[in-house]
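User: I would like to go through the terms used for this model and see what each one rests on. Please set the values against the cut-offs as we go.

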Amino acid sequence: MLLLAFLPDIADSGFWIIATAVLVNISCALLGTFLVLRRLSLVGDAISHSVLPGIGIAFLISGSRDPLIMMAGAAVAALVSVVLSRLIERFAGVPEDAALGVVFTTLFAIGVTIITLTADSVDLDADCVLHGILAIITLDAVDLGGGTLVPRVTVTLSVVALIVAGFVAVFWKELKLLAFDPGLARSLGGRYALIDSLFLGLVAVVTVAAFEAVGAILVIALLIVPAATGQLLTDRLWALMLLAVGFGIASAIGGRYVALAADTDVAGVIAGLLGVVFALAVVFAPRHGYLPKLAQRAGTARRMVREDLLAMLYRAREIRPDDPSLTRAELSEILGGGRLPRIAIRRLLAAGDIAPADPAGDRLTLAEPGLPQARRMVHKHRLWEAYLHRKLGVAPADVHPAADEAMHFIDDDDRQAITDEIDIVTPDPHGKPIPDYDAAP
Amino acid sequence: MPNNGAITFDAQPVLDGDDGGSARRRRRWWVLPGLLLGAQLALFAIGGAAGVDPEAEFVALTQALGLPFNDTVVALGAALLGLAGGVIGSFAVLRRRALVADAVAHAALPGICIAFLLIGQRDFIGFAIGAVGSGLAGVAIIAWLPRHTRIKVDAAIGIVLSVFFGIGIAISGAIQRSPDGGHAGIDAYLLGKTAAMIPGDVFAIAVVTLNVVLVVIVLYKEFRLIGFDAPFARSAGFPAGVIDFVMMATIVVTTVIGLAAVGVVLIAALLIIPGVSARFWTERLGRMLLLAALFGVVTGLGGALAAAALPDIPAGPAIVMVGAVIFALSALLAPRRGIVARFVDRLRRRATLFRRALLEAVRDAGGSREPIPATALESRFAVRSLGFRLGVWWARLRTELVRPAPNALQLTATGRAAALEYARARRLWHRLLSRTVDATRETRAVIDDVDRDVIDAVAALHPQARARLEQALRAAGDWPDDGPEAP
């Protein structure tokens, strides 16, 4: 409710602009969540492109510019484009994206032709279809009683938002199933097919209702971007939906103020803001963002190099008990060179897991605190080698590279499972003993 | 293990270095395009130095031919655009990226607006550079998002399309409200003014088309690999990222050059429709590209000529509608992949299955030797239905069945052979399945269900396997046999 503080006075046109944008965004975010989850984003694309021909054809047939007739025409065209592309997909074996592309470009061409042919008698402005008229919605207002003039678009969108919210609330369970297990939903038959059709119909209705306010193309942004952003931030459906609605509302309010400051088109700014929030989520989102993923990957790489290094020093101890040290250069070469071995050496020295073996500090050896972990790594390595050789019949010469990777990812459960399958007293395929995992230092 | 003091580890992974070999095998793919580009630049330089003006030459040529000038310009431009769009669009279609062209066309807007802000006036080259720049950024994002995040490719296309377009609208809004913004001409750029094409535009389109075709010829092998199996191309050591980028860049350039001619939505059509239509007619990529080029040229030419003949119809939409007609004809009439061909094929399949079942039923009812009443088949067919009568009619037409009396059926020699073949295939199939799977109640149901296609299934058996199964059936006394043929 903090957001209410940003609302201008009801007499101000800004109030209605923000209210309308918020309503559009709520409807779009609610349905867009399922569009994105069901990988139907392109359907939203096709529907929004069919608005123009729908309006043109509605005008051609009815000869009237009544907004309701226009909306009905657009909704019908939207459904025709979806149904037609599905038919082409099914009966002509054309991939979904190509089928949609063929259908909506053709419909658009028909729409432009009709509008051009009737251009003299009507100001069906292609510009308006592109931009929407959010900034001037208060020019076309109706009195709902009480003396307050409410923009017609706002009234329409309130009704649409209520219908959408009701639909999502009532059919929550079914929509969820359609999104996460479409195969099961299909096998359950008629009821789900009906709800699916209703859903697509509602997407068409929302797109059509919204295009007057924000333009046909930007509807796509409102449908897809908030849900895609939410998808990067959560794995729960209800949280995803709340986030999508939240982003929608925030961008509607923010869009108005940025547009005022920069003296430009509100709808464009709203789409731009949604894009900025999405970009931030792509980069910084905790689990699915790019940077955290990079950081996690880098962390894993460093851990692997540390563990490799400890295992190397352990083997050096085994082979040359009298001189168990290796030079920094040797270690670095064995571990693939570059920055990672240097960082690993620094970390392990600081932790006391390894220690210098000569006064100059060039030769390094395993220290007492690092011994248990080093032994465990070698244990896992040889355990996996033994398993590959004895249970899966991999030749001894081939087991090493696989074990070198696997040893970093064998946890206690895996280890227990392998230990149950093979005896660990017998040496590994190269004839080396598998060291005791839990030995005292 | 002998140890002489040297450090050895659990195993020494010995990998034969074939890096040198693969480096030698790797094609220097950039050499040829570089040469071709250089040759073009040299031609331009020579032409410029010699004072040849291609635009003037073109005008002179048109006048010499006595063609209506404007219509010729538009038709030529549209045909060339269709050629380029058809060729490169085929790859977009094959890569399931058909709508990338649409996204790029929308994503070009902010680039155009920024170019306007920087230059301060309408400028074809400036607009084109801005549009290509933001188009490439959009394509790169579409390629990057699904690979590195959980965003799916369809959402990525939608996001790039709408967010870029929104930013463009915002910038253009600011431009139009600024004092000298009125003549930005951005809307014209977006919606396209096909009929207003000038020889300079056609020349630019011709250069782009030539280069698109050259790129596709030079990188044919690479494009084919990426188009059909990008992961394989990557694993086989092709620089898949680079090739993909070149392919997408070609799409971007074609889209941008077409934007000015036919507008945002309609250029997408020129990239999608010829390729999708060509796909119906052939399974071979080379033929598909040639056909797509042809369809593109016919689309552009036909649309432009139609618009010239019918002055009320705008040229851009006319072009797309001609394309739609070509698509509809291809989708309906193409052999094998077309809707009619598929329908006929399905019908024939069903009819064949029905005929086989009918012959076998007549055989089971004893119709091999003597006429049986049709009512004897009542447990297996709705004998009064039209379908049944049609089936009987067809079998009679093929002389597999005769009707000695109005309500009686008997197999001919041909029919007996066909029925026998069917019965045997069925026994073979049952034998095969009951030996491979446990014949529980559920699997029996599956076996009976598969029954319908037994002839095809058995035909695919290896002859030896078939012979072994037959032997087993004979040994079990379960092999259908009509005995010696009746004289």
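User: What makes β3(A) and β5(A) a pair of strands?
Analyst: In this predicted model, β3(A) and strand β5, residues 363-366 of chain A, are joined by 2 bridges in the antiparallel sense. One of the positions facing each other is L326(A), opposite L364(A) in β5(A).

User: Why are β3 and β4 of chain A called edge strands?
Analyst: The open sheet has 3 strands in the order β3-β5-β4 (chain A), with antiparallel pairing. β3 (326-327) and β4 (354-356) each have a single partner strand, so one side of each has no neighbour in the sheet.

User: Which helix lies across β3, β4 and β5 of chain A, and at what angle to β5(A)?
Analyst: Helix α14 of chain A, residues 290-319, lies across these strands and runs at about 85 degrees to β5(A).

User: Why is α2(A) called roughly antiparallel to α11(A)?
Analyst: The axes of helix α2 (residues 41-49) and helix α11 (residues 218-233) of chain A cross at roughly 165 degrees and come within 9 Å. Angles over 145 degrees count as roughly antiparallel, so α2(A) is roughly antiparallel to α11(A). The crossing of α2(A) and α11(A) is right-handed.

User: What residues make the contact of α2(A) with α11(A), and of what class are they?
Analyst: S41(A), G44(A), D45(A) and S48(A) of α2(A) meet I220(A), L223(A) and I224(A) of α11(A). By class, this contact has 3 nonpolar, 3 polar and 1 charged residues. Gly counts as polar.

User: Why are α4(A) and α5(A) called oblique to each other?
Analyst: Helix α4 (residues 67-92) and helix α5 (residues 96-117) of chain A have axes that cross at roughly 140 degrees and come within 9 Å. Roughly antiparallel needs an angle over 145 degrees, and roughly perpendicular covers 65 to 115. α4(A) and α5(A) are therefore oblique to each other. The contact involves A77(A), S81(A), L84(A), S85(A), I88(A) and E89(A) of α4(A), and E96(A), A99(A), L100(A), V103(A) and L107(A) of α5(A). Its classes are 7 nonpolar, 2 polar and 2 charged residues.

User: Where is confidence lowest and where is it highest in chain B?
Analyst: Helix α1 (residues 19-25) of chain B has the lowest confidence, with a mean pLDDT of 42, and helix α13 (residues 285-309) of chain B the highest, at 93. Residues 1-25 of chain B have pLDDT below 50, and this stretch has 25 contacts in the model beyond near neighbours in sequence. Chain B averages a pLDDT of 80, with 85% of the residues scoring at least 70. For the complex, the predictor gives an ipTM of 0.81 and a pTM of 0.79.

Notes
Residues are numbered from 1 along each chain as its sequence is written. Chains are lettered from A and ligands numbered from 1 in the order in which they are written. This is a predicted model: local features need pLDDT of at least 70, side-chain atom pairs count only at pLDDT 80 or more; totals for chains, interfaces and linings use all residues. Side-chain values use heavy atoms; hydrogens and water are left out. Two strands pair if DSSP finds at least two bridges between them. Helices (H or I, at least four residues) and strands (E, at least two) are DSSP runs, numbered from the N terminus. Contact means heavy atoms within 4.5 Å. Axes are lines fitted to C-alpha atoms, for helices over the stretch in contact, and angles run from 0 to 180 degrees between N-to-C directions. pLDDT is the predictor's confidence in each residue, from 0 to 100. Angles under 35 degrees count as roughly parallel, over 145 as roughly antiparallel, 65 to 115 as roughly perpendicular and the rest as oblique. A crossing is left-handed if the near helix is turned anticlockwise from the far one by less than a right angle, and right-handed if clockwise.
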